[in-house]
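Have the coordinates open as you read.

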Amino acid sequence: MENNNEFGEKFRVSEASVEAVAGSTGAKTQVPGMPTTVSTAALATGGVNAGNLIESDIDSELFRFNSEDAPLMNLMLCAKRVKVNSPEVDHYMIDEPGASVVTISECGGGNKTQCPLPLSSNDKMVPRANCTLLVKGVDGYDAQGRRTPGRSLMLFVVGRDAVSDNPVVKAVNGSLDNPGDEDRYVPVIPARTEILILANSLYETQKEVDPDMIVPAPTRVYLQKRGMNQVVSDYFASQKKRIPFSKSIIAEQAISNFKVRGNRTLWSGRGGKFRLSVDRMGMQTVYTTEGVRWQIKREMQAPAQWTVEQVIALAKMFFTGEDVPRSAILLAGKNLLEAIQRIDYSKHPEIQITTKVNSIGWTVTNFHTVFGDIEIKREPALDSLGWSNSGALLGENRLVHYVYSAEHSFSDRVEGEEATRSGVLIWDALALKGSCHIWIDGEGGAASEGVDRWVLWDEKTAPSGDDVYNGARFYLVEDCPGMGTTAKAGQMWEASVKADGTVEWKPCVGRV
């Protein structure tokens, strides 16, 4: 049989392609001499429309699990993995030892050759016997007893005060009554004076010294058990056509939901432990893990409008502390991301803003500063949590993934039903190491308990209003004569509110 197509070309349609021929038993089961195609196979089934054998395609993106939906969880999966044998872990946020202590009241003065150094309860045990200390802002004296401006006073720890347990110090280069005197006097050391800790100094036959106070204090971390279940009926599973695709779609959605909810927990969950009475199982313990948002010990209040100088100040605070991370990644809410993206870089041609693929495989915006690079990535979980104006600057190599039970899947028959239950279980927690991490708070409100908080300040006048309270700290992006003649850019100043409501501004001392 011949036909013409629209181009006038002839082609043959075999009779066998229209109707299957009989086999040895007389059943029309064969289409001899034809290639095995969807169309010929459909015709061989007794005239079933060929379209019924074609399964519509599924968007390949549907099955490509998007790791960028849960950035914090993916950071956790890339972090150092620590297998533990209990859902309760003593976590040590070990940091570099502190470089300084701060006096809490005035000491010295008069004819005192020795005096206790008044320190807080957290600092008093740090300076040990035979340790040397450098007093910032207090001048020492030369061999003739003359004051030497700009050359700091140095102290030597001789022991501990029996009453207060504070270190007792003597002056190495203190004042003298007469040149050549053996004993020197300790000059006045004001309150809130920063004192740097130097090496110990031993006498000529000494070999035993007090051990350094390296006794880290742990925090209790709870590992949260998370699970995902799917129940599929036998009838659903027995269907041979579209079911494989439908099951994949359901599984994809379930896994995505499981991961996104877990990611929100890693951000905002509150640590806890309680007991439940379970049918047929008795009393059971439930653990909830503490979110990263509440683990971060440093907070910066986000400015109303970001500038290049403020981002550089943020990098300086992150990379120049006592805990220096290898890299910085900023997981930001959408509004914070937009604010940083709208910075005017025209006055800073030396600043490099590039797009790159980082070590995790994300496409990030890379902000290069002389202190280090900040990789910026949007975190959708912050938007859903109501923190669109905020973000967290994290040290990628300062994360720990505690695992009590590695992720595993299971498949069980549902008792009393014609169905199968399958799922995934994981028992883990994310914890922070070191003190480099910074939470950028753009939502307002009070600082979290036990957190060091500061504000970026780029005005020449001193802050006022609700931003000023006793102990409020401000990082100066520009010189601020309103605080004091010595208030220079790059310093941090602190407000001291007196009883009459007046504010006294002082340089911030100690660790931030």
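## Cavities

Let's begin inside: the structure holds two cavities of 30 Å³ or more. A cavity here is a set of points, on a 1 Å grid over the protein atoms alone, where a 1.4 Å probe fits but cannot get out, and lining residues have an atom within 4 Å of a point. Grid points are joined across faces, edges and corners, and the volume is the space filled by probe spheres set on the points. The largest cavity comes to about 40 Å³, and its lining is made up of Trp-306, Val-311, Leu-314, Leu-330, Ile-340, Phe-367, Ile-374 and Ile-376. Two elements, helix 8 (308–319) and strand 21 (373–378), each give two or more residues to that lining. Helices (H or I, at least four residues) and strands (E, at least two) are DSSP runs, numbered from the N terminus. What kinds of residue line the largest cavity? Eight are nonpolar, with no polar and no charged ones.

Around it sit Met-93, Gln-295, Ile-296, Lys-297, Leu-432, Gly-434, Ser-435 and His-437, a lining with three nonpolar residues, four polar and one charged.

## Ground rules and overall make-up

This is a predicted model, where local features need pLDDT of at least 70, side-chain atom pairs count only at pLDDT 80 or more, and totals for chains, interfaces and linings use all residues. Residues are numbered from 1 along each chain as its sequence is written, and side-chain values use heavy atoms, with hydrogens and water left out.

The protein has ten helices and 29 strands. Of its 512 residues, 38% count as buried; buried means under 20% relative accessible area, exposed over 50%, and partly exposed in between (1.4 Å probe, protein chains only). The accessible surface is about 28800 Å², and carbon and sulfur atoms hold 49% of that. These areas come from the Shrake-Rupley method with a 1.4 Å probe, and for residues only the protein chains shown count as cover. Among contacts with a separation of 6 or more, 64% join residues 24 or more positions apart, a contact being heavy atoms within 4.5 Å.

Helix 4 (residues 71–78) is mostly covered, with six of its eight residues buried. The buried ones are Pro-71, Leu-72, Met-73, Asn-74, Leu-75 and Met-76.

Ala-70 belongs to the loop between helix 3 (60–63) and helix 4. Why is Ala-70 classed as buried? Because its relative accessibility is 2%. Not counting residues up to four places away in sequence, Ala-70 touches Lys-259 and Asn-263.

## Loops worth a look

Ser-327 sits in the loop between helix 8 and strand 18 (328–332). Its relative accessibility is 19%, so Ser-327 counts as buried. Leaving out residues up to four places away in sequence, Ser-327 touches Phe-318, Phe-319, Leu-394, Gly-395, Glu-396 and Asn-397.

Now for some backbone angles. Most residues other than glycine have a negative phi. Asn-130 has a positive phi near 75° and lies in the loop between strand 8 (114–116) and strand 9 (131–141). Asn-130 counts as buried because its relative accessibility is 13%. Asp-165 also has a positive phi, about 65°, although it is not a glycine. The loop between strand 10 (147–160) and strand 11 (167–171) holds Asp-165, which is partly exposed at a relative accessible area of 33%.

## A hairpin

Strand 15 (residues 272–278) and strand 16 (residues 282–288) run antiparallel and are joined by seven bridges; strands pair if DSSP finds at least two bridges between them. Across this pairing, Phe-274 stands opposite Val-286, and Arg-275 is opposite Thr-285.

Which residue of the hairpin takes a positive phi? Arg-280 does, near 65°, in a hairpin with three residues between the strands.

Technical notes: 1 Å grid on protein atoms, 1.4 Å probe; cavity = no way out; pocket = protein on both sides within 12 Å on 5 of 7 lines; lining within 4 Å. Nonpolar A, V, L, I, M, F, W, Y, C, P; charged D, E, K, R; others polar.
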